[in-house]
Amino acid sequence: MQTVSGMAARLKDHWRQRGLLATLRFIGSRIFRHQVTCVYQADLEQRRPAVEWAEGERLLVIGPDNLESALTPGVRAFLGGTAYECVSGIRSGDRLFIVADRDNYLHRGYVIFNGRAKKLIDEPGNVPLIGYCYTAAAARGRGLYRRALLAEMRYLQELGYKRVVIDTHPVNHASRKGIEAAGFAFVRTVSAWIVLNLFAIRRTETGHNTRWRVVFFLGSGDR
């Protein structure tokens with residue numbers, strides 16, 4: 001669970017990045033929120049093609065070993081309201097992937113190894129989850145999301161993982177198209193009613209089967 005000082009720092013960062021109303025909505029979401037997500041999976045035992053970056057594009061991988069040097073003011077600004085969670089997760093061993101060109105940051109993706117996010121989507125703790133993906137408006141429409149996902153999958157293959165999952169909102173059709181283009185296959189739809197960030201009522205729908213479960217987050221980290 002977050003400490004009081006950690007939560008205060010997160011609220012301050014959120015206020016500075018997104019303003020008063022967004023911060024109030026964020027506080028309300030910590031009391032109760034409902035989320036629906038589509039879960040996809042990819043088999044990492046299949047060979048993945050090498051990623052072809054456009055001229056000037058480069059991939060930055062930020063982990064615990066290079067966090068302090070890589071987290072420049074520009075990177076933090078690009079992370080926006082997700083900055084606190086991303087930095088907290090990286091310090092715990094997760095990875096942040098950023099695609100940039102000579103002048104701008106174009107795309108971000110986050111590989112979660114730890115935390116409770118996987119409990120919410122009915123996944124075991126040893127399967128990495130890709131989340132917090134975002135492509136800058138000016139960089140959309142050129143397959144950047146697909147290429148970033150392929151780079152993340154190849155990275156996980158090198159670490160020895162056999163499977164990876166990613167989730168997105170059901171009506172985010174552009175995200176779903178990019179996920180499927182990268183070779184992911186749809187697995188399930190998960191709805192979760194989350195109370196005080198302590199527990200959730202989770203409904204998992206797979207084909208014609210529906211499962212309900214109460215999930216507790218104690219000991220699962222704060223993400």
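This is a predicted model: local features need pLDDT of at least 70, side-chain atom pairs count only at pLDDT 80 or more; totals for chains, interfaces and linings use all residues.
Local features require pLDDT of at least 70, side-chain atom pairs count only at pLDDT 80 or more, and totals for chains, interfaces and linings use all residues. Residues are numbered from 1 along each chain as its sequence is written, and side-chain values use heavy atoms, without hydrogens or water.

The structure contains 8 aromatic pairs. Rings of Phe, Tyr and Trp (its six-membered ring) pair if their centres lie within 6.5 Å; planes under 30 degrees apart are stacked, those over 60 are edge-to-face, and the rest are tilted. Tyr-40 belongs to strand β1 (residues 32-43) and Phe-186 to strand β7 (residues 185-195), so the pair ties together parts 146 residues apart in sequence. Helices (H or I, at least four residues) and strands (E, at least two) are DSSP runs, numbered from the N terminus. Tyr-40 is buried, at 1% relative accessible area. Phe-186 is partly exposed, at 41%. Buried means under 20% relative accessible area, exposed over 50%, and partly exposed in between (1.4 Å probe, protein chains only).

β1 and β7 pair in the antiparallel sense over 10 bridges; pairing requires at least two DSSP bridges between two strands. β1 also runs antiparallel to strand β6 (residues 163-168), with 6 bridges. Gln-41 has a bridge partner in β7, Ala-185, and another in β6, Val-165.

Phe-78, Tyr-105 and Tyr-134 form one aromatic cluster. The charged end of Arg-108 sits over the Phe-78 ring, 5.7 Å from its centre. A charge sits over a ring if NZ of Lys or CZ of Arg is within 6 Å of the ring centre and within 35 degrees of the ring normal. Arg-116 lies over the face of Phe-217, at 5.0 Å from the ring centre.

Helix α5 (residues 83-91) is largely enclosed by the rest of the structure, because 8 of its 9 residues are buried. Among them are Tyr-84, Glu-85 and Cys-86. Just after α5, Gly-93 takes a positive phi of about 120°.

Positive phi values also occur in residues other than glycine. Asp-122 has phi near 65°. Asp-122 is in the loop between α6 (117-120) and β5 (129-135), and counts as buried at 18% relative accessibility. Tyr-132 has a positive phi of about 55°. Tyr-132 lies in strand β5 and is partly exposed, at 30% relative accessible area.
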